[in-house]
Amino acid sequence: MQDFLNAVSLLPKDVEELLLSLSKDFMCKVNEIRFRSNKPVTLNTREGVFYCTKSGRATISFNDDLYFTDDRKMQEIVFSLSRRSIHTYQDMLARGYLPLKNGCKAGVAGCAVIKNGAVYSVNSFSSVNIRVSRDFYGCAKEIYNEVGENGSSFLLVGQPLSGKTTLLRDLCRLYAGEDSFEPKKIVIIDERDEIASKSFGGGVNVGVHTDVLSLYPKPVGIDIALRTLSPDIIVLDEIGLEDEVEAMLAGMNSGVSFIATAHGSSFSEVLSRPNIKKLVDSKVFKKAIVLKGKGAPCEIREVITLYL
């Protein structure tokens with residue numbers, strides 16, 4: 001339940017109190033809390049989509065007792081999630097998200113303000129999707145046993161809500177935790193502050209021998225890690241851009257292993273992307289591990305050996 005409390009803790013007080021009226025058992029099932037302008041609050045679980053009533057009950061019935069979020073409340077929600085400083089989080093909002101507590105994240109949609117051909121800022125917010133981040137100790141043990149304690153490079157493939165980030169955290173603890181017999185030096189390039197969630201205090205346990213570069217662009221973070229932190233393994237989430245690929249190739253030539261994730265429902269899907277294919281063809285990864293999906297988070301569907 002603590003994960004749910006972390007997810008709602010930065011909401012306006014009245015909205016937070018409404019959601020805390022839900023039953024404790026139901027809170028433990030929620031993986032997304034969605035707000036849309038002039039529409040009811042929806043609560044996504046593995047069992048389906050529920051609505052939230054004005055009295056803080058979950059229901060599958062669309063009725064007049066549902067809690068709707070009007071335009072003014074939407075702006076208030078984003079302002080509150082921004083720690084009451086939209087300007088401070090302008091760059092993140094332009095990229096469509098806000099980091100919350102302990103790895104939780106809010107996806108944000110609105111009206112883009114374009115400057116020099118790029119999104120400069122966002123206003124007139126119309127949607128917020130809060131992803132509830134949960135920590136499961138031991139969930140990556142099967143992957144750890146598959147890859148080996150030496151930490152060979154591999155690519156973790158999965159759809160949204162399939163457990164990729166949760167597995168990354170647990171892998172860091174297994175390789176760099178206090179119980180590791182021969183711990184690895186790990187550096188996490190946490191560009192969106194989702195893996196370790198260290199940038200605003202507190203954070204998630206990712207192992208005592210792990211260093212975290214929070215909010216660094218992945219290419220910059222990889223370069224700093226290689227030059228100053230002497231990692232055995234670099235951990236990355238959601239790879240795929242050309243400059244990221246070039247930085248990873250430089251790291252491979254330095255003898256560093258990579259554990260990285262990519263969005264996709266299959267290995268063939270991610271391999272169709274030129275930048276991922278370049279990494280595979282260059283033998284950056286020894287294996288690709290494909291997850292089952294959101295219906296069975298953190299579970300392996302397929303292990304593909306890319307080279308021996």
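Ala, Val, Leu, Ile, Met, Phe, Trp, Tyr, Cys and Pro count here as nonpolar, Asp, Glu, Lys and Arg as charged, and the others, Gly among them, as polar. The structure is a predicted model, in which local features need pLDDT of at least 70 and side-chain atom pairs count only at pLDDT 80 or more, while totals for chains, interfaces and linings use all residues. Residues are numbered from 1 along each chain as its sequence is written, and side-chain values use heavy atoms, with hydrogens and water left out.

A pocket is an open set of points on a 1 Å grid over the protein atoms alone, where a 1.4 Å probe fits and protein lies on both sides within 12 Å along at least five of seven lines; its lining residues have an atom within 4 Å of a point. Points are joined across faces, edges and corners, and a volume is the space filled by probe spheres set on them. Helices (H or I, at least four residues) and strands (E, at least two) are DSSP runs, numbered from the N terminus.

The largest pocket holds about 760 Å³ of space. It is lined by 34 residues, of which N31, R131, V132, L161 and G163 are the closest to its centre. The lining takes at least two residues from each of β1 (30–36), β3 (42–45), β4 (48–52) and α7 (164–176), with α7 giving the most, four residues. By class, the lining has 13 charged, 12 polar and nine nonpolar residues.

The second largest pocket holds about 410 Å³. Among its 20 lining residues, R173, L174, Y175, D179 and S180 are the closest to the centre. Both α6 (141–147) and α7 supply at least two residues of this lining, and the largest share, four residues, comes from α7. Eight of the lining residues are charged, six polar and six nonpolar.
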